[in-house]
Amino acid sequence: MKVSQPLPCEKISNYVDRILVIEEVLVTNPFTLPLYANGSPTLLFQTAKGTIQNNTNNLTLFGQTVFPETLTIRDNFTLIAYFFKPFALFNLFGVSAQELTNSPIDLNLLDAATTRQLQEQLLNAGSTTAMLALLDEYVFSLITKTKADCQLIRFATLAIAQNASKDALLKVQQELHITERTFQRMFEKNIGIAPSLFRRISQFNNAFQQLNGRQFSKLSDIAFNNGYADQSHYIRAFKEFTGITPKEYLKFGQSE
């Protein structure tokens, strides 16, 4: 198994935050990948069909994931995930972000003529490089068609993701000079969740990246670095979004 994170090419980098590639996975038992809240809508492709919430397909579009989920794959596969910036879902795919919150769908349900052709090309591609090129072109085609002005939501999500402290929402709302209700509606339409929940997911994700990178001496370091009141508060938030504790997660990683 090979894991890499190629940088999004320049023409899609305003909408794609990062890319994950897991190649040449040989499956002897069902492969299970945990899916946690990270604040990013995601386009997921596997060369073997994967099952999420009893739905099985090759191309899956995610909105916001709040509750922990799992992806199960039973055959050898290569997986590619495009993690979009939080505001991108409505702008690129024209679907209400709220409809996809905790409800990933088969991408072919949106534009079957285009996406089925994309899926066939991906499944017949001779290399991972060719798959990435196809996905880049698909995303770029969506970008060229978008007409929505997303400057406000782009600014708001970036500011909150970078500083997910408790007063972040009020600061951003004041900088945008909009009412609390307008702020709420903007998030529900474009992100699919309330701004307060997006802030908590951003806070969790920032802490998760620190935990995952083993950039701490003790859990209380992560808690205080990311604005949690104390270690217990951090552990409760971690369990809310993953279903397990930080220590259980670290033990799980060591067993792989």
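Let me begin with T101, which counts as buried at 16% relative accessibility, because the cut-off for buried is under 20%. Please keep in mind throughout that this is a predicted model.

Where does T101 sit? T101 is in the loop that links α2, residues 97–100, to β8, residues 105–106. Two backbone oxygens matter for its side chain. A polar atom of the T101 side chain is 3.3 Å from the backbone oxygen of A97. The T101 side chain also reaches the backbone oxygen of G192, at 2.8 Å. If we set aside neighbours within four places in sequence, T101 is in contact with Q64, V66, I191, G192 and I193.

One of those contacts, I191, is my next stop. I191 belongs to the loop between α7, residues 180–190, and α8. Is I191 buried or exposed? With a relative accessible area of 1%, I191 is buried. Not counting residues up to four places away in sequence, I191 touches Q64, P86, F87, A97, T101, I153, T157, M186 and F198. Note that Q64 is on the contact list of T101 and on that of I191. There is also a distance to mention here: I191 and S96 are 95 residues apart along the chain, and 8.6 Å separates their C-alpha atoms.

How many of the residues of α8 are buried? The count is 13 of the 18, so the helix is largely enclosed by the rest of the structure. Following α8 we find R214, with a positive phi near 55°.

Now to a strand. T60 lies in β5, residues 55–62. Its relative accessible area is 4%, so T60 is buried. The side chain of T60 makes a polar contact with the side chain of N57, at 2.5 Å. Leaving out residues up to four places away in sequence, T60 touches T42, L43, L44, I52, P104, I105 and L107.

For a residue that is not buried, take K239. It is found in helix α10, residues 231–242. K239 has a relative accessible area of 46% and is therefore partly exposed. Apart from neighbours within four places in sequence, K239 is in contact with I244 and T245. The C-alpha atoms of K239 and Q5 are separated by 26 Å, and these residues are 234 apart along the chain.

Last, the chain as a whole. It has 11 helices and eight strands. Along its principal axes the C-alpha trace spans about 50 × 45 × 30 Å. What radius of gyration would a compact globule of 256 residues have? It would be near 18 Å, and the chain has 18 Å, so the chain agrees with that expectation. Buried residues account for 48% of the 256. The chain exposes about 13,000 Å², with carbon and sulfur atoms supplying 49% of that area. As for contacts between residues at least 6 apart in sequence, 67% of them join residues at least 24 apart.

How values were computed: Residues numbered from 1 in each chain as written. Predicted model: local features only at pLDDT ≥ 70, side-chain atom pairs only at ≥ 80, totals over all residues. Heavy atoms only, no water. Buried < 20%, exposed > 50% of the residue type's maximum accessible area, 1.4 Å probe, protein only. Helix = DSSP H or I, 4+ residues; strand = E, 2+ residues; numbered from the N terminus. Polar contact = N/O pair within 3.5 Å; in protein donor to acceptor, adjacent residues only side chain to side chain. Contact = heavy atoms within 4.5 Å. Rg over C-alpha atoms; globule rule 2.2 N^0.38 Å. Areas by Shrake-Rupley, 256 points an atom, 1.4 Å probe, with all protein chains shown as cover.
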